[in-house]
Amino acid sequence: MAEQEKNPAEEILESPVADEQVVDAAAEAADAAELPDAQTLAQELETVTSEMDELRDQLLRTQADFMNVRRRAEQDVEKAHKFGVEKFANEMLPVVDSLERAVEAFDKEDAATQAIREGVELTLGMLVSGLGKFKVEPVEPQGATFDPALHQAMSLVDAPDTAPNTVVAVVQKGYTLNGRLLRPAMVMVSKS
């Protein structure tokens with residue numbers, strides 16, 4: 001029968017004269033035969049490093065997206081708190097206008113309507129105060145320079161004793177909600 005061919009390292013190990021140094025050398029030779037070469041290791045290291053860099057980049061992008069979503073959600077909640085009463089305030093402004101016109105319509109000298117006038121003034125004051133608690137503030141443009149961001153010009157009038165582009169008369173008050181225009185003031189402006 002044909003004898004199987006033996007690995008040289010196995011022959012050394014089986015030899016009766018092998019000492020520890022020879023055994024160690026043979027084990028190192030067997031391990032060296034199984035290890036990949038340096039070029040293969042360098043390629044594998046480069047591949048793993050590039051994958052790690054891609055994963056790190058994905059992680060950073062995901063964290064940034066999460067922070068952006070969180071920040072946007074916080075801003076949306078803040079805006080909802082600040083401007084949540086906008087529709088309600090818009091519905092209340094005509095009521096304020098009507099109460100102001102009612103106060104102006106009363107004859108201040110008439111004693112018979114004095115109590116009604118005072119009641120309307122108190123009601124108007126409570127309504128304006130309540131709106132003020134929610135940061136609904138009136139725009140007082142009388143005598144100010146015309147500002148298209150806050151005022152809506154209804155007409156131009158001749159006013160020789162005032163500077164050009166000055167608000168001469170207020171037809172309807174304007175209001176802001178937390179600094180944002182809720183309704184522009186309707187005004188008459190002096191000609192240049």
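The largest cavity of this predicted model has a volume of about 30 Å³, a volume being the space filled by probe spheres set on grid points joined across faces, edges and corners. A cavity is a set of points on a 1 Å grid over the protein atoms alone where a 1.4 Å probe fits but cannot get out, and lining residues have an atom within 4 Å of a point. The structure holds 1 cavity of 30 Å³ or more. Val96, Val128, Leu131, Val136, Pro138 and Tyr175 form the lining of the largest cavity, to which α5 and β1 (136-139) each give two or more residues. This lining comprises 6 nonpolar residues, with no polar and no charged ones; Ala, Val, Leu, Ile, Met, Phe, Trp, Tyr, Cys and Pro count as nonpolar, Asp, Glu, Lys and Arg as charged, and the others, Gly among them, as polar.

Val96 and Val128 also belong to the contact (heavy atoms within 4.5 Å) of α4 with α5. The axes of α4 (residues 86-105) and α5 (residues 114-133) come within 10 Å and cross at roughly 150°. Therefore α4 is roughly antiparallel to α5, a label for angles over 145 degrees. The crossing in which α4 passes α5 is left-handed. Among the residues making this contact are Met92, Leu99 and Glu100 of α4 and Arg117, Leu124 and Leu131 of α5. The contact residues divide into 13 nonpolar, 1 polar and 3 charged.

A pocket is an open set of points with protein on both sides within 12 Å along at least five of seven lines. The largest pocket has a volume of about 160 Å³. Both α4 and β3 (167-172) supply at least two residues of its lining, and α4 gives the most, with 4 residues. By class, this pocket lining has 2 nonpolar, 1 polar and 5 charged residues.

Residues are numbered from 1 along each chain as its sequence is written, and side-chain values use heavy atoms, with hydrogens and water left out. In this predicted model, local features need pLDDT of at least 70 and side-chain atom pairs count only at pLDDT 80 or more, whereas totals for chains, interfaces and linings use all residues.

How values were computed:
Axes are lines fitted to C-alpha atoms, for helices over the stretch in contact, and angles run from 0 to 180 degrees between N-to-C directions. Angles under 35 degrees count as roughly parallel, over 145 as roughly antiparallel, 65 to 115 as roughly perpendicular and the rest as oblique. A crossing is left-handed if the near helix is turned anticlockwise from the far one by less than a right angle, and right-handed if clockwise.
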